[in-house]
Structure formats: structure tokens, C-alpha cells
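Here is a quick tour of one protein chain.

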Amino acid sequence: MKTAVIAFTGAGMLLAERIGKVLEAENQETRLYLKSRHAAPPRGSRVQPVEEGLGNWAQRVIPRMDAVIFVGASGIAVRTMAPFIKSKKTDPAVLVMDEAGTFCISLLSGHLGGANDLCRLLSGALGACPVITTATDVNRRFAVDVFAKKNGMEISDMRLAKEVSARLLAGEEILVEAGVGFSGDLKTQLPRGLTCTNSGERFYDLRFVMPGSGVLRLIPKNLVLGIGCRKGTGWEAIEAAVLDALKKHGISPHGAALAASIDLKKEEPGLLAFCQRWKLPFVTYPSHQLSRVPGQFTASSFVGSVTGVDNVCERSAVLAAKGGQLAVKKYASGGVTVACAVKDWSVDFA
């Protein structure tokens, strides 16, 4: 996590240095700044003076940060951050501390950005009073966005995530369903306001069912893509085939965690480019290892004659998923074959 701390007085600079030490003890990368006409960092200080206008500094520094801490008035923070506020999913955590270190305010992106946790950390370490106004925190209720971030899950719809919080705060009960591959026990885990159900539908995520509003899906990173392709196939054709295969089975591409194939394809440019584009690790296996994977697979004598194994995509997906269930059987399009297996997954509600 990269954090910028900016102060506006000499006293604020001293507090910024203390903040930096606390964050670095948590293995966070910090950069300290001072914007003042009446104070300057002492020689040898790691605090960087800001000579340019605050707007120019913000434009240069803030887009590269995960969190920004203002040691000064909250109005300065609000005016500085206004041009950079875009979405709950992308906004950095923003905190404000007065230069005396009396209060620490979680100002923006309390949940997904981590401002609330950062506020608690700094308040505890520096003896400040934490100011957190998020309704679910104040009322000690389940926060679906915090839960999703903690468990590495993608939120399908932020509007529905807000609806979950609103209903829980209103005292309503929400039904929760876990999809294929879930290895936990919802009955023993669910916090107050959530209750488990089983619709019998086949899906691959965690669902919060709200009659009249819709279904919020939290998508775990539990999918392994097995991919085969003709030599020289571009990443565009591979991506199109993957997206089409997943769409036909109602599976979100956000759940992809790994791509796998036969070792004959370990240097295939299109596959490597696709994995780089999707930020997916890529593993390959020799034909003799793939041929020993147990299960019923879509066999092809032509593939066997070329690769030494009757199926590449299904076998590599299941092997990389460590025996996970096959969710998408062989799908062929544009010289690409795609399969998808589901790894076992669980969540932590604590």
C-alpha cells in the first residue's frame, strides 16, 4: 500500500513523520510532504517540500497513491481531493488528522479503500480519537464491501451492495447462497441479519438474495481456465473465445484466477499476451501428466496425434484446479479451445 502524507505547518510535519513510522512498521510505503511558506523540512529529513501549487502536487502524486493523509484542516482535504473522486471501487483512502493529533477522521473510501482500518490503526498508535461515520461500522452490522475486500471477491453491482447494507440497517433479513465449490458451512458462519438458503440453482459465486431488488453476487477468484489454440493465434481470438464460453454458462470472467495449457504452448505469444492482459498466472503440463488426470473428457483423436493427449483444455483446467469440478466443458471457437474448472473455495465472515 502506497500512502502520501501531507502537512501544512511545522507541527504538522512532526506528526507526519510519526505517521510515516507507524505505517512503515506495517510494511506500507509512505511519502511525506510539507506545503508551507513558513516552515521547511530540516536537513536530512525525509519530508519533501512542496514548492508547486497544491493542485499541481495533487495531480502528480494522488493518482499513484492507495491512501492520502492530510495533516491539517478537513476543508483542505475536501477541496484537494474533489477532482479525483470517481468511484467507490477506485477512490483512494483519504484521512484527515489535526496537527495536534487529537482526531483522526476517515473521510473517503472507508471500506473498499481501507480508510476505516487505517483510521483505527493510526488512532491506536498515536493516541488520537478515531472519527468513523460509516453506518454499518457505527451500528456494528455486517458490511458487504468490507467482507468482499477481505475475501478477495469482486462485487457485481455496487448499487446492490448499498441495498444489502440498507436492508440490514433497517433490520431486514437477507438470504445467502453459496455456489459450486464452496467448502464451508454457512449455517455456522453467518452474522446477524443473514440466513442461508439453497435454491438448487447451479452457479459459481456467493449470492445475497433480496426479493424485489435483485441478487448481489460476490465473485471469488476460484476459476481455472484451460486453453488450447492453433499456433500463431492472437490474444484477441483467445479472449473472445474465453468470454463467449464463460458467458454461455453464466460465469463471470472476474472469477478467473489461473490459466493452464500443455507445455507445447508455454511460449505461445498469443496465450502469453492474453494472460498478461488478464493478469493471470500461466502454468503448463507435459502430455503424460495431462493424460493421467482422472475424469470423463471430450476426446479428440486429432488433438491426440498432435499433442500426445486426447484433450488439452479440460484436462489442464482440472489438473491446475487440483481436481476441481469442470464447470465449462470444451468450447471451440476461432482455433481456440476453452474449458473452465472450479477450485474449492471458502469465505471468512469473522
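## Around V5

Leaving out neighbours within four places in sequence, V5 touches A16, I19, R31, L32, Y33, I69 and V71, where contact means heavy atoms within 4.5 Å. V5 belongs to strand β1 (residues 2-7). Helices (H or I, at least four residues) and strands (E, at least two) are DSSP runs here, numbered from the N terminus. With a relative accessibility of 0%, V5 counts as buried; that label means under 20% relative accessible area, with exposed being over 50% and partly exposed in between (1.4 Å probe, protein chains only).

A word on where this comes from: the model is predicted, local features need pLDDT of at least 70, side-chain atom pairs count only at pLDDT 80 or more, and totals for chains, interfaces and linings use all residues. Residues are numbered from 1 along each chain as its sequence is written, and side-chain values use heavy atoms, with hydrogens and water left out.

## The chain as a whole

The protein chain has twelve helices and 17 strands. Its C-alpha trace spans about 80 × 50 × 30 Å along the principal axes. Of its 350 residues, 47% count as buried. Take the contacts between residues at least 6 apart in sequence, and 63% of them join residues at least 24 apart.

## Two helix pairs

Two packed helices are described by the angle between their axes and the distance between the axes. The axes are lines fitted to C-alpha atoms, for helices over the stretch in contact, and the angles run from 0 to 180 degrees between N-to-C directions.

| Helix pair | Angle | Axis distance |
|---|---|---|
| α1 (residues 10-25) and α4 (residues 115-126) | about 110° | 10 Å |
| α8 (residues 235-248) and α9 (residues 269-278) | roughly 60° | within 8 Å |

So α1 is roughly perpendicular to α4. On the α1 side the contact uses L15, R18, I19, V22 and L23, and on the α4 side L118, L121, L122, A125 and L126. By class, that contact has nine nonpolar residues, no polar ones and one charged. For the classes, Ala, Val, Leu, Ile, Met, Phe, Trp, Tyr, Cys and Pro are nonpolar, Asp, Glu, Lys and Arg are charged, and the others, Gly among them, are polar.

The other pair, α8 and α9, is therefore oblique. As for the cut-offs, under 35 degrees is roughly parallel, over 145 roughly antiparallel, 65 to 115 roughly perpendicular, and the rest oblique. Here α8 supplies W235, I238, E239, V242 and L243, while α9 brings G270, L271, A273, F274, R277 and W278. That contact counts eight nonpolar, one polar and two charged residues.

Helix α3 (residues 74-81) has A77, T80 and M81 as its buried residues. They cover an arc of only 85° around the axis, so they lie on the same side of α3; the arc is that of the directions from the helix axis to the C-beta atoms. Their cover includes α2 (54-61), β4 (67-71), β5 (93-97) and β6 (103-108).

Finally, T337 lies in strand β17 (residues 336-342). At 18% relative accessibility, T337 counts as buried. Not counting residues up to four places away in sequence, T337 touches G226, I227, G228, C313, K330, Y331 and A332.
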